[in-house]
Amino acid sequence: MGKRKVHVEMLDKLYLVGIRVRCPAEEYAWQIPLAAKQLDARKKEIANVLNFHQQLGAFVVDASSEEKDGYWVCHQVKKIEAVPEGMVSLRIPSQTYAVLKHKGSNMGILNTYEELHTWITKSGLKRRLGAWHLERFYHFKDTEQIEVDLMDTIHDEKRR
């Protein structure tokens, strides 16, 4: 695993407002950065944003319905109200995540996900493929130099 360290994080419910991206799978690598730039340009239109310098990506690995298919580029808000035209809102329930930081090109994210999934399996944990997964972006403006926490939703036996 090298220097990178996976940790487990529990988050309370989240309220998100942002832009939904739906496209063929091979286009997400360039469509998501475009949506992130668009959201950044319009962030002041969103009420109750908690952190303008951080974006959250949300997606469901095994989307069982059209409503959950795609990728959402969002800002976390205290509460959802007056969602700007052309934007959407999401409510993410309280969940537990295995988290691994990725720094570098957005094209390298798949390798980091592989590392994260290997750690989850070796740790005896189980992924929740039908739940919302998150990506917490700290640097997203340059696709060659992103910094993001990859947050894979896992079953947490202690909370059940």
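Asn-48 counts as partly exposed because its relative accessibility is 24%; buried means under 20% relative accessible area, exposed over 50%, and partly exposed in between (1.4 Å probe, protein chains only). Asn-48 sits in the loop between helix H1 (28-42) and E3. Its phi is near 70 degrees, a positive value in a residue other than glycine. Most residues other than glycine have a negative phi.

Ala-82 also is not a glycine and has a positive phi, of about 45 degrees. The loop between strand E4 (71-77) and strand E5 (88-92) holds Ala-82. With 66% relative accessibility, Ala-82 counts as exposed.

## Basis of the model

The model is predicted: local features need pLDDT of at least 70, side-chain atom pairs count only at pLDDT 80 or more, and totals for chains, interfaces and linings use all residues. Residues are numbered from 1 along each chain as its sequence is written, and side-chain values use heavy atoms, with hydrogens and water left out.

## Strand E7 and its partners

Strand E7 (residues 132-139) has 6 of its 8 residues buried, so it is largely enclosed by the rest of the structure. E7 pairs with strand E3 (residues 55-60) in the antiparallel sense over 6 bridges; two strands pair if DSSP finds at least two bridges between them. In this pairing Val-60 stands opposite Trp-132 of E7.

E7 also runs antiparallel to strand E8 (residues 146-154), with 5 bridges joining them. Arg-136 stands opposite Asp-149 in E8.

## Whole chain

The protein has 2 helices and 8 strands, taken as DSSP runs numbered from the N terminus (helices H or I, at least four residues; strands E, at least two). Their order from the N terminus is β-β-α-β-β-β-β-α-β-β.

For 160 residues a compact globule would have a radius of gyration near 15 Å, and the protein, at 15 Å, agrees; this radius is taken over C-alpha atoms, and the globule rule is 2.2 Å times the number of residues to the power 0.38. The C-alpha trace spans about 45 × 35 × 30 Å along its principal axes. Buried residues make up 46% of the 160 residues. Of the contacts (heavy atoms within 4.5 Å) between residues at least 6 apart in sequence, 75% join residues at least 24 apart.
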